[in-house]
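Dear colleague,

I am handing over a structure that is new to you, and I would be grateful if you could look through it before reading my notes below.

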Amino acid sequence: MMIVGVVGAGTMGRGIAQLALQSGLAVRLFDSFPEVLPAAKTKIRAGLAKGVERGKLSQEDADAAFGRLVLAEKLKDLEPVDFVIEAIVEDLQVKKNLFRALEAVVRESVPLATNTSSIPVAKIAEDLEHPERVVGMHFFNPPVAMKLVEVIRHEGAAGTPFIQAIEMAKTMTRVPVEVKDTPGFLVNRVVRSYYLVAMRLAAQGAGSYAEIDAALTRAGGLRMGPFTLMDFIGLEVNFKITQTIYEGLGRPERLKPHEIQAALVAAGCKGRKSGKGFYLYEDGKDPVENPEALALLPDERTVLPDEVLFDRILEAIHVEAKIVVETGVAAKDGVDTAVKLAMNFPKGPFEWAEAAHA
Ligand SMILES: NC(=O)c1ccc[n+]([C@@H]2O[C@H](COP(=O)([O-])OP(=O)(O)OC[C@H]3O[C@@H](n4cnc5c(N)ncnc54)[C@H](O)[C@@H]3O)[C@@H](O)[C@H]2O)c1
């Protein structure tokens, strides 16, 4: 049976480990803080139990899956693994050190995958003896529920580990989409305009946060409007992603971080987790717009019709999607698939554009 070594037992590592286990694989889970491991094991068991409750797997399969989990006390315990997925802290130097240490432990034929969300995969690989074995596998949170995996190929990557990563994603019942190693990879970059154009429109007086959110859910059948979604993700997390992509791509005006978000982040409005973002969150109450955030909008507003707001935002997403395809970052159908799966959008940017012009 194939053994997957998962390094990092935090939010993502635990989810990836559970997914591998319930997909019939064996897992060795390592974390540099060993005290994290027993709690991770308990959470994985609870995750498998939830799967049983929801009818996703039988009790027998869940028990067998749990039985295939081994906690690795030392990195050396990963020696027998056939595939490694790294999900440790998002820090280039720490990741580099780990990959160098892994190279000394696991067989040369074993692919080393990183779940980084923003660091160029080539940078993580650059000092290794065999950088060609490194590949990006960008899972989304929570890995058990989110079907998409962006499989990222850096320039020095060899074909075999890349193909093995695609196969691994499929074995784990995910949908792999091939992506070139560029800032923000695929989804995070293509959907930047969902947030940025919404903020620009609000700043121009085209609608309040709630008005724009409502317009998009009505016009596009989207589950969460951009402001609700930013609050959900965490305003500072979302802001950092925008900054990384903007800087990484050489500061294109269309992807410039917005001052409304900068001001809210500076004021400690991080969204849902801090109780306030674009909205205020109080226990037992429906969210209402945050007066601190509303104060950043012009007093005079002319709310644009739903379709106009929707078209402006979708058009910007479509522009980015076209650039991504034209520059060989991903294929057209890969973009549509990835955006639908990661964002829960009913259509991808190209499908939307085609429907609009039909
Ligand atoms: N959280 C998300 O939504 C999300 C989504 C996609 C990708 N990612 C990426 O996944 C990775 C992990 O994110 P997370 O949210 O699970 O973080 P987390 O902080 O929840 O977990 C990280 C774990 O790594 C461990 N760790 C730190 N340094 C280590 C080392 N040198 N060796 C072994 N273990 C080490 C920590 O003890 C911790 O348990 C990051 O690269 C992040 O960018 C996160």
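What share of the 358 residues in the protein chain do buried residues make up? The figure is 47%, and please keep in mind throughout that this is a predicted model.

To begin with the chain as a whole, its secondary structure comes to 16 helices and ten strands. Its radius of gyration is 21 Å, close to the 21 Å that the globule rule gives for 358 residues, so the chain is as compact as a globular protein of that length. Along the principal axes, the C-alpha atoms fill a box of roughly 65 × 45 × 40 Å.

The chain is divided into two parts, with domain 1 covering residues 3-180 and domain 2 covering residues 188-314. The centres of domain 1 and domain 2, taken over C-alpha atoms, are separated by 32 Å.

Turning to the ligand, I find that 23 residues surround it, and that the closest are Gly 8, Gly 10, Met 12, Ser 32 and Asn 141. Two elements give two or more residues to this shell, namely helix H1 (11-22) and helix H4 (92-105), and of these H1 gives the most, with three residues. Sorted by class, the shell holds twelve nonpolar residues, nine polar ones and two charged ones.

The other place that I would ask you to look at is helix H12, which spans residues 259-266. Which of its residues are buried? They are Ile 260, Gln 261, Leu 264 and Val 265, and because these four cover an arc of only 130° around the axis, they are on the same side of H12.

As for what covers the buried residues of H12, the cover includes helix H8 (192-203), helix H11 (235-248) and helix H13 (291-294). Just after H12, finally, Gly 268 takes a positive phi of about 80°.

With best regards

Conventions. Residues numbered from 1 in each chain as written. Predicted model: local features only at pLDDT ≥ 70, side-chain atom pairs only at ≥ 80, totals over all residues. Near = placed C-beta within 6 Å. Nonpolar A, V, L, I, M, F, W, Y, C, P; charged D, E, K, R; others polar. Buried ≥ 20, exposed ≤ 12 C-beta atoms within 10 Å, placed from the backbone. Arc of directions from axis to C-beta. Contact = placed C-beta atoms within 7 Å. Rg over C-alpha atoms; globule rule 2.2 N^0.38 Å. Domains from an automatic or database assignment.
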